[in-house]
Amino acid sequence: MGVWPELRTERLLLRGWSAEDRVAFAAINSDPRVMESLGNPLSREDSDAFADRIGAKFDQQGFGLWAVEVVDVAPFIGFVGLNVPAFDAPFMPAIEIGWRLDPAFWGCGYATEAARAVLEFGFDVVRLEEIVAFTAASNVRSRAVMERLGMTRDPRDDFEHPLVAAESPLRAHVLYRLLAPAKRTD
Ligand SMILES: CC(C)(COP(=O)(O)OP(=O)(O)OC[C@H]1O[C@@H](n2cnc3c(N)ncnc32)[C@H](O)[C@@H]1OP(=O)(O)O)[C@@H](O)C(=O)NCCC(=O)NCCS
C-alpha cells in the first residue's frame, strides 16, 4: 500500500489502514445498526475484500477512505473519506465524501470533525471544485452530518440509487453538494 497523507484534527488521526483494523472493521460492517441504511451486513470475507479495495483505490487516486483513530482513546473507529461512486446518476461524474463509524463512537462529533479535515484535503490538495454526499433519504444521522458541514440539498437532485433493489425502501436517495470555498458566492 502506498503512502497515505495523514490528517490530524483536534481529537482524531486519519491514517492509512493497518492489518489490525480489519477485525474492528468487520465488526462495524456486521452491525445491523450500521447497515440499517446501507443494506445487508457484510461477512468477514466481504469486509476484508472491501478494505482491500479501499487500499487499492487510494493507491490509484491519491485519496480515498481514511481509517479514523481517536488519539489516545481508540485505535480504529471506522472510516471517513473521499470516493468516486461506481454507478451512473444524473449528478455524475462527481467525488463523494462518506463515513461509517462504530456505533460505540456515534454522538461524539467524530464524523463531522473528520469530514471537515477531509473536505479541506479535497478542496486544497486534490483541488476539487465540488464534493457531494448522498444517502438513503431515511438516514437521518448521515444527513445531519451533511447539514452540519454546510452541504446543501436541492430536492431536484434526489435520485433512485441504481444499485439498490427497486422494491427496497433504501432506494430513494438524497444528494447534498458543497462547492470549493473559492467557488462559493455566499
Ligand atoms: C452517519 C454517522 C457517521 C453519523 O455519526 P454521528 O456520531 O451521529 O455524527 P457526528 O460525528 O457528526 O456526531 C454528532 C453528534 O455528536 C454530538 N456531539 C457530542 N460531542 C460533540 C463534540 N465535541 N463536537 C460535536 N458534536 C458532538 C452532537 O451533538 C451530535 O449528537 P446527536 O446525534 O444527538 O444530535 C454514523 O451514524 C454511522 O456511521 N452510520 C452508519 C453508516 C452510514 O449510514 N453511513 C452513511 C452512509 S451514506
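**Close-up views of the predicted model**

**View A. The side chains of Ser47 and Asn29 form a polar contact at 2.9 Å.** A polar contact is a pair of N or O atoms within 3.5 Å; within protein, one atom must be able to donate a hydrogen and the other to accept it, and residues adjacent in sequence count only if both atoms are side-chain atoms. This is a predicted model, in which local features need pLDDT of at least 70 and side-chain atom pairs count only at pLDDT 80 or more, while totals for chains, interfaces and linings use all residues. Residues are numbered from 1 along each chain as its sequence is written, and side-chain values use heavy atoms, with hydrogens and water left out. Ser47 lies in helix α3, residues 44-61; helices (H or I, at least four residues) and strands (E, at least two) are DSSP runs numbered from the N terminus. Ser47 is buried because its relative accessibility is 0%, buried meaning under 20% relative accessible area, exposed over 50%, and partly exposed in between (1.4 Å probe, protein chains only). Not counting residues up to four places away in sequence, Ser47 touches Phe25, Ala26, Asn29 and Leu42, where contact means heavy atoms within 4.5 Å.

View B. Ligand oxygen atoms lie 2.8 Å from a polar backbone atom of Gly107, 3.2 Å from a polar backbone atom of Cys108 and 2.4 Å from an N or O atom in the Thr112 side chain. Of the 970 Å² that the ligand exposes when taken alone, the protein buries 69%; accessible areas come from the Shrake-Rupley method with a 1.4 Å probe, and for residues only the protein chains shown count as cover.

**View C. Trp17 and Ile97 touch the most other members of the largest nonpolar core, which has 50 residues.** The largest share of this core comes from α4, with nine residues. Apart from it lies another core, also of nine residues, including Phe91, Val132, Phe134 and Phe159. A nonpolar core is a set of buried Ala, Val, Leu, Ile, Met, Phe, Trp, Tyr and Cys residues joined through side-chain atoms within 4.5 Å.

**View D. Leu14 sits in strand β2, residues 12-15.** Leu14 is buried, with a relative accessible area of 0%. Its contacts beyond four places in sequence include Trp66, Val80, Ala114 and Val118. The C-alpha atoms of Leu14 and Ala115, 101 residues apart along the chain, are separated by 10.0 Å.

**View E. Backbone geometry is shown at Pro93, Asp72 and Arg127.** Most residues other than glycine have a negative phi, and most peptide bonds are trans. The Met92 to Pro93 peptide bond is cis, with omega near 0°, and Pro93 is in the loop between β4 and β5. Asp72 has a positive phi, near 65°; Asp72 is in the loop between β3 (65-70) and β4 and is exposed at 80% relative accessibility. Arg127 has a positive phi of about 65°, is in the loop between α4 and β6, and is exposed at 63%.
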